[in-house]
Amino acid sequence: MWTKSICIAFICFIVWVIAAANSGANLILFQLVAGLPYGDKLGHFVIFLLITICAELLLKSRRWNFGRMQISAPSILVASFVILEEFSQLFIDNRTFDWLDLIASLVGVIIASWLTHKRTMETRHL
């Protein structure tokens, strides 16, 4: 129960942060991230790693095989959101599209997907 509530709250918080960035707001959070070396890229990685873990917890679903790789619907949803959100920045005056942001976000999704799959497989074998 608490896990789902925390996940939903975190996802809502991130959606609010994205909306604030799109509107040109200058949140203190943005200033803190800007002060860290590679803070923006690290932020993208961590945020989308955590969102993917939350999505996996909230939307437990089966995984599909793509060759040697397995992927779940929640991971596909988050990856699609990442791609759409980053490319949407091409059309927002105060935002900047960045390939490295996109890559950092997608790496977070991939690692979270792998971690949640590994965890699921370990708990099935117990």
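**Close-up 1. Helix H3 against helix H4.** In this predicted model, the axes of H3 and helix H4 (residues 73-88) come within 8 Å and cross at roughly 145°. Axes are lines fitted to C-alpha atoms, for helices over the stretch in contact, with angles from 0 to 180 degrees between N-to-C directions. H3 passes H4 in a right-handed crossing (near helix turned clockwise from the far one by less than a right angle). His44, Phe48, Ile51, Thr52, Ala55 and Glu56 of H3 meet Pro74, Ser75, Val78, Phe81, Val82 and Glu86 of H4, contact meaning heavy atoms within 4.5 Å. By class, the contact residues are seven nonpolar, three polar and two charged. Ala, Val, Leu, Ile, Met, Phe, Trp, Tyr, Cys and Pro count as nonpolar, Asp, Glu, Lys and Arg as charged, and the others, Gly among them, as polar.

**Close-up 2. The ring pair of Phe48 and Phe81.** The structure holds five aromatic pairs (rings of Phe, Tyr and Trp, the last by its six-membered ring, with centres within 6.5 Å; planes under 30 degrees apart are stacked, over 60 edge-to-face, the rest tilted). The ring centres of Phe48 and Phe81 are 6.3 Å apart and the planes stand at 45°, so the pair is tilted. Phe48 in helix H3 and Phe81 in helix H4 are 33 residues apart, and the pair links distant parts of the chain.

**Close-up 3. The largest pocket.** About 630 Å³ of space lies in this pocket. A pocket is an open set of points on a 1 Å grid over the protein atoms alone where a 1.4 Å probe fits, with protein on both sides within 12 Å along at least five of seven lines; lining residues have an atom within 4 Å of a point. Points are joined across faces, edges and corners, and the volume is the space filled by probe spheres set on them. Of the 25 lining residues, Val17, Phe30, Asp40, His44 and Ile47 lie nearest the pocket centre. H3 gives the most to the lining, with seven residues. The lining divides into 15 nonpolar, six polar and four charged residues.

**Notes.** Residues are numbered from 1 along each chain as its sequence is written, and side-chain values use heavy atoms, without hydrogens and water. In this predicted model, local features need pLDDT of at least 70 and side-chain atom pairs count only at pLDDT 80 or more, while totals for chains, interfaces and linings use all residues. Helices (H or I, at least four residues) are DSSP runs, numbered from the N terminus.

Definitions and conventions:
Helices (H or I, at least four residues) and strands (E, at least two) are DSSP runs, numbered from the N terminus.
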